[in-house]
Amino acid sequence: MKAAPFAYVRPGTVQDVVAELARDGAKVLAGGQSLVPVLAMRLGRPSTLVDINAVPELDRLSRDNGSIRVGATVRQRRLQRDDLSASVPLLRLALPWIGHREIRSRGTVCGSIAHADPAAELPAVASCLDATMLLTSTRGQRQIAAAEFFTGALTTVIEPDELLTEVLFPVAGPGEGFGFGEFARRHGDFALAGAAVRVRTTGDALQARVTCFGISDQPVTADVTAQLRAALAEVGPSPTGSQLRRGLAERADEVAADVVDTSGDGHASTAYRRRLVAGLLAREVSRAYLTSTSASEVSAS
Amino acid sequence: MTGLARVEDAALLTGQGRFLDDLDPLPGTLVAAVVRSPHAHARIRSVDLDRARSHPGVAAVIGPDEVLATLKPFPLSVKAATPYYPTATDKTRFVGEPVAVVVASDRYVAEDAAELVDVDYEPLPAVVRTDRALQDDAPLLHDQAESNVATDRTFTFGAVDEAFASAAHVVSRSYSFPRYSSTPMECYAVVAEWRDGVDGPEVTAHANFHGPFSMAPVVAGALGLPTSSLRLIVPADIGGSFGIKSAVYPYIALMALASKHAGRPVRWTEDRLEHLVASSSGSDRLMTFEAAVDDDGVVSALRVDLVDNVGAYLRPPEPSTLYRCFGNITGAYRIDAVAIRARAVVTNKSPTGLNRGFGGQQLYFGLERLMDDIATSRGIDPADVRRRNMVTSDAFPYATPSGGIYDSGDYHRALELALDNAGYEQLRKEQRISRDNGEWMGIGLATIVDPSATNIGYVGLATPVQDRTARRGKSGSTEHVRVSVDPQGIVSVLLGSVPQGQGHATVARDVVARHLGLPVEQVRPRVEMDTATTPWTISSGSYSSRFAPLLTSALLEACDRLADTIKVAASVLLQVEPAALELADGMVRVSDDHERAVAFRHAAGLVHWDPGSLPDGCSARLYEEAAFSPPQSKAASLTDQINSSLCYGFVADVVVVRIDKQTLQVRIESVSSVHDAGTILNETLLEGQVHGAMVQALGGAMFEEMSYSDSGQPTAGTFMDYLCPTAAEACFPLTSAHQETPSPLTRLGAKGCGEGSSMSLPVAIANAVADALAPEGVQITSLPLHGNVLHQLLNATNGD
């Protein structure tokens, strides 16, 4: 369990980082929580590791133009504890689910999104919120929306010479409520199934969107506005959580049947994952709706 | 009884532990990496070591040719045509099986060169499942063998057929027990050196091997050396084992051979990937239990059919998983007749071995599930079925039909205590309400006999009587110590008990201090196993909960003799008869006149400095060795009976679970457990053993499984898939209580206590889950139990 030989560089500027990445076989080292085990098991053999931790500008966490901007070396735990993340409530809900505290202290937000593990939390959050990914290379910069970013298991549109320099999460607007939940066999494990939910209620307008993870080769986003509207029609406009959950239950089963397309493994069969997703959907859509209505009341007063 | 804090902890908690990786015992040591088979079953067409040998920094590379040139197959526990070497020779038989060893300047270089070893494999069909291995047309693992059944023995004790013929009811069930391990924090480690001495080759090996030291002659046999030419040295600190590290020994032979070829000492440290696929594990078992039962649920006879899956080789001490519990195969119950069929099959999985509970969790999964199935089928409460069948307190010593002699116990009192602490009657009421509300709540019991201080004579049972060599029997559960006193009266206790974190030093110090009337500070335990200098024998080692019953008994024997010498010395100083003296408060004093006293250290000083003043015939000897040798541990009888352990404790577990109807997650609401390990030596350590055994049991019951695909690829080869419970999973409410019925066979009345709940809790959890899902018609016949498994079980039931 020792890595194959590799070269190691630690540039101080983004310019130098992308120059290094332009060489064949170079790989970015940020928090190392996925890459280092891959190296130790010789499952990956980059010729050069480009350590980006000495680049000051990549460590920026800021807010502008209605977004939280998270730089490439910002740790998950830093984002979790920073006041800025309060304006993106879905991040606050999701971040504690990532691994264990020790992992969050090293693991980076951008690293998790670039790694694109189908069972990871942050790619789902990025998808649900339609976050924007900023990619930089010697060829320039480009912005990619989450809907176009993830292309499969552990794969994204990032080219080998590109660095994911920043992720922009939109801050929550009035009348938005969120839900996030996942199920794993042990605390801190990758989820067997999970769901991130955003519900927007403004006046009579209703929009509900869910991103499920751990159930396909990438996060799967579905519009569940119709299902939520139908459930509300059934249980009345001011339901309790458990009433709304019951109203959503059967509809959640249908959504789950659609979104879950992973072949099962020893921890969870496809059918069991559908069962888990359905339960999470009903619970988290209900939670998101109830917070969205109370959020709009607060903002109305 | 004491709660004395562990003397071991300060060093461990401040990073001062001395594990083998911290030590550099043999200067100039090189580092090895092992090339392993990616195939579950393949013929080795050729092995080309040239490219690896010419890699810069490589000192030696050895493969099957070098192994066959120097080593003999390891001597097996039974006659079976399944030759076992430390590497594959003709075929590889499990994924992860060593094929070659690269010795280099460091591990990175060794792993680089390991990739250059060229092995040409011809893949063969694999056999993984036990039921498949039993079939005549299954792929054959060992070409010289007639089948994959490596051992098959039947035994009948008492009037079994008559009991079944006259039984009002027969309850018969088949169960399977999964394969899981114990994943200590420290993996295997060996530093070995081969030297050619005057009397032939000599091997010195440092390893975190903890016995049984019956494996020392096994390793020496493979090396073709007398046992004394193999010097085994074990570091004072071992980072856990729970039995698994008993299987370090093949690597001792392998690294000794690597050293022979490298001309330098060789270090090999197993990494986690190697550990998970190729070290060892408990064996998985298919079993059928059949009981002859009367209308009241009282069992008069048992039929037991056990098939262990021991993996690719019958690696010693296997097939002992079948026999470790032979004397207590009828458990806590008064059952006079039992028929047993004991088989082990070889398959393309990694070889099995010791794992905390060794054979107990497998046996009791069948027996205790059966007791619940008897209760259900007769409409009797599971607690009642146990009350009606358990051995009564007036029956001790109780002889089991298979040869066990239960030394002491009060099973009914212990069960009642466990039930009371659980609030059993109230729980059953709550369960009725929960069921009315459509909730899944279950209560599970297990009552088991906890064998300790193994009599290794059970190994002989695997060989039929007519094939056992006369006067070459096997028996014994002896334990050895040396105690000495220095000129200042400081008592040194040399412990060759090779602990892996249990706290032997703490207890030994306490026991010796009490027995010699000294403050604990005056007793210095030293943990050191060096087969060249430490007293030891075949049965030595840390396994089968031997320390508390055996080693402490040996300590008292040695201390008695030391005390005699000290009293003689004090009698010179006090001018009284030695018989009039006693040891207390650091003094030697006249029993009926405490004012007349000399310090222990002055008496010790006299022996060292002024032996001329001792009476004639008194030897100036302040070191004593003792070998506690209980006469009850005899070889298997000609009728195949064996008292397979010296002591038999008892455990009663009561588990309450709730199952979430959406996620199907099993939540342990509470556990009530009562242990009777005889006299308690240290409350804190005993409670630690209870907790540890429970977490290990929880792993096997709900999380861990060494699973394989049908083609023999391990599917839980990393900690991403092999799920050990963490603190978050293990924090269930526990009421742990203890009962003390001292063993009449050990000096302090102590029995072993390191394994109990690892045998009982897996089935108690299964019984609770079965109870919770009983309204759904779900049968629980295997482990582990988690949402995915329950989903399948529930769907299968609904689909009917």
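Two residues are in contact if their C-beta atoms, placed from the backbone, lie within 7 Å. The contacts described below belong to a predicted model.

Leu555(B) illustrates this kind of contact. Residues up to four places away in sequence are left out of the count. Leu555(B) is among the residues with the most contacts inside the largest nonpolar core, which has 274 residues. Ala32(B), Val102(B), Val103(B), Val190(B) and Ile252(B) are listed with Leu555(B) in that group. Helix α15(B) gives the most to this core, with 16 residues. A second, separate core has 87 residues. Ala120(A), Leu192(A), Val199(A) and Ala278(A) are included in that second core.

Helix α15 of chain B covers residues 547-574. Its axis and the axis of helix α16 of chain B, residues 600-609, come within 8 Å. The two axes cross at roughly 95°. Angles of 65 to 115 degrees count as roughly perpendicular. The helices α15(B) and α16(B) are therefore roughly perpendicular to each other. On the α15(B) side, the meeting residues are Thr565(B), Ile566(B), Ala569(B), Ala570(B), Val572(B) and Leu573(B). On the α16(B) side, they are Phe600(B), His602(B), Ala603(B), Ala604(B), Leu606(B) and Val607(B). By class, this contact has 10 nonpolar residues, 2 polar residues and no charged residues.

Arg303(B) lies in strand β14 of chain B, residues 299-309. A residue is buried if 20 or more other C-beta atoms lie within 10 Å of its own. Arg303(B) has 21 C-beta neighbours inside 10 Å and so counts as buried. Neighbours within four places in sequence aside, Arg303(B) is in contact with Val160(B), Glu290(B) and Ala339(B). Arg303(B) and Lys567(B) are 264 residues apart along the chain. Their C-alpha atoms are separated by 57 Å.

Chain A also has a domain assignment. Domain 1 of chain A covers 7-51, domain 2 covers 56-170 and domain 3 covers 176-300. The centres of domain 1 and domain 3 of chain A, taken over C-alpha atoms, are separated by 37 Å. Thr13(A) sits in the loop between β1 (7-9) and α1 (14-21) of chain A. Thr13(A) is partly exposed, with 13 other C-beta atoms within 10 Å. Thr13(A) and Leu58(A) are 45 residues apart in sequence. In space, Thr13(A) and Leu58(A) are 8.8 Å apart, C-alpha to C-alpha.

The two chains also meet. Here 22 residues of chain B are in contact with 17 residues of chain A. On the chain B side, the elements that give two or more residues are α4 (107-114), α9 (272-278), α18 (727-730) and α20 (787-799). Helix α20(B) gives the most to this side, with 5 residues. By class, the side of chain B that touches chain A has 5 nonpolar, 11 polar and 6 charged residues.

How values were computed:
Residues numbered from 1 in each chain as written. Chains lettered and ligands numbered in written order. Predicted model: local features only at pLDDT ≥ 70, side-chain atom pairs only at ≥ 80, totals over all residues. Axes fitted to C-alpha atoms, helices over the stretch in contact; angles between N-to-C directions. Helix = DSSP H or I, 4+ residues; strand = E, 2+ residues; numbered from the N terminus. Parallel < 35°, antiparallel > 145°, perpendicular 65-115°, else oblique. Nonpolar A, V, L, I, M, F, W, Y, C, P; charged D, E, K, R; others polar. Core = buried A, V, L, I, M, F, W, Y, C linked by C-beta atoms within 7 Å. Buried ≥ 20, exposed ≤ 12 C-beta atoms within 10 Å, placed from the backbone. Domains from an automatic or database assignment.
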